[in-house]
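Please look over the following structure before reading the comments.

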Amino acid sequence: MKQRYIFSLCIIATISLGGLSSPTPSSFAAQEPEAKPHVSLPSDEALSLRQYEQQHGLSLSALQYDYYWIAGNTFKPRNSAVTVGYRGAGCLYRTSSAGVSIDDDALTANVQLPTDAVILGLRFYGYDTNAADSQLQLNLYDGAGDIQGLVASDITGAPGFASTYVGLSTPYTVTNSDGSLALAWYSYATDIDLSICGGRIFYVKPRATISNPTAANTSAELTSVADISSPLYNTYTYKFYTGANFQPRSTTSTYVYKSRGCISGTSGGLYTIDVDVPTAAEVLGVRMYYRYLVAATAGPTLYLTDYDAAGGFSDIQSIAVDDTTLGYHSRYIAMTTPYTVSQVAHALVLNVSLPNNTDAAFCGARIFYRYDEAVFPPIPVPRASAASVQPSVERQPEASTAAMPAAPAALDELQTVSAAQSVVTRYFYRFIAGSAFLPRAASNVSYRSVGCSYVSGGLSILNAALHLPTGAQLIGMRMFYYDDSTSDSTMYITDYNGSGDYNEFIIGSSSGTPGYGSVFVMPTASYNVDNYNHSLVNVWSGAGDTSGNTALCGMRAFYSLEFAYPLFLPTVIK
């Protein structure tokens, strides 16, 4: 094999990932690159954009495109029997097989794109000097046994570091209600010379107000909303997570892939995934997707949990199975009181408890929430240059973005914000719990408690993808930790270009009084997010302490965006 607002849902291809045969690129329609680049895009991506414009009678000036880039070192195995190695520069390779099928040997990564985004294509970054091949797929899983293969990309030959772009023959409009998006990497050799360095999705950003969900497959959610037309919350949407992208909180927990995005536990344990819902949004309910292969056995239990990274947590919602008959099922539970998200105060995760039972499988989870587009308008204005002056004087963020915590939790952040900033500059946080970080390659991870993880053996590295909007200025990062050791743990905020280069542009260490603490560090030079050229990753080193006395409890990004408010906002912002 070497070699709703805008449009309705487009089913590109349907593939089975449950058998022994490997997926083939012939299922997908590749695009021939045009001879000359369109605007400043690479020629192959420019062709995808031009075709989309022509198909729908749009002009380039009416479209805003962007990228979603996932570094290779943030992928995880679908099966705990599969092991990986770290090549360096953000690239992973497979070092063993589960011995079942190529599907079980795949590595996977969570994809979260905004509702009504239109996916045009996928670029696969890898390293290949091997006679065997590898392939990166973008798939959609509905939690009920159906898979849509949207696009697949191969790197052919033995080019070393390389990338291949494949456009969708029919662009796919993201709904976040009909399925969860995930990348899957299939490697046909266990060799450092066949590595994944990342995947970059090319998409058109939503135009103006996005679609609210219809009752097609969301009737329980819609009936749970008494004030669906409330002017305070004009957008209702979802975050959908594939079961196979949940990771064990401890590497002592083992699991197997049960096909179609589902996993089963083979030793029990809790599995987790980071949840990114915007600050000030209200979570209205959670749906769990699961499957029974043998009736009337123990099943999964899902929890929506927040952590404050200082020893506190709250299980906001829990869902147990309510149907133990054979087949695929889902259960939705509405919040008794809507939960208001605050990424300045809490990291939000989904945890699922898997019994030691392969007769029941966990297939995914979907969060239903609402937010106000006046607070989170869809189109930011990109910064003109990465050489902007570093802010240094205190200024409060806009009141509508988030309630600020008492000092000193965000004191360092506030002191970095310039009083001279324009009123269209807004400030945001992105908080990821320590338990949502992945072990890198041969690292063994253990769960300390209250959202904190530590390395219990092997390489002393954990990492997590950091997805921020293109054009955002990353003002600084706060590391939350537990430290009762003579060694200090260290965070490295790193960008990767998928071709062997990387840059650790924020570095900070734990120190001071034993116990829970945090440290805020700014980049040495102004850093603007560029999702075209780099993927961002939070990296943590435990300094070789495997006792649990050094633990990561979370990382929180503090960033700003400039918005074109006159296009979308009312005259007065509440």
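The numbered points take these topics in turn.

1. This is a predicted model, in which local features need pLDDT of at least 70 and side-chain atom pairs count only at pLDDT 80 or more, while totals for chains, interfaces and linings use all residues. Residues are numbered from 1 along each chain as its sequence is written, and side-chain values use heavy atoms, with hydrogens and water left out.

2. The whole structure holds 3 disulfides (pairs of cysteine sulfur atoms within 2.5 Å). With bonded cysteines counted along the chain, their pattern is 1-2, 3-4, 5-6.

3. C91 and C197 are bonded with sulfur atoms 2.1 Å apart. C91 is in strand β4 and C197 in strand β11, 106 residues apart (strands are DSSP runs of E, at least two residues, numbered from the N terminus). Both cysteines are buried, that is, under 20% relative accessible area with a 1.4 Å probe, protein chains only.

4. C452 and C553 also form a disulfide, S to S 2.0 Å. The torsion about this S-S bond is about 105°, so the disulfide is right-handed.

5. Strand β7 runs antiparallel to β8, joined by 7 bridges (strands pair if DSSP finds at least two bridges between them). In β8, 8 of 8 residues are buried.

6. The largest nonpolar core has 36 residues (buried Ala, Val, Leu, Ile, Met, Phe, Trp, Tyr and Cys joined through side-chain atoms within 4.5 Å). Its largest share, 6 residues, comes from β22. Apart from it lies another core of 31 residues, including V82 and L181.

Conventions
Buried means under 20% relative accessible area, exposed over 50%, partly exposed in between (1.4 Å probe, protein chains only). Helices (H or I, at least four residues) and strands (E, at least two) are DSSP runs, numbered from the N terminus.
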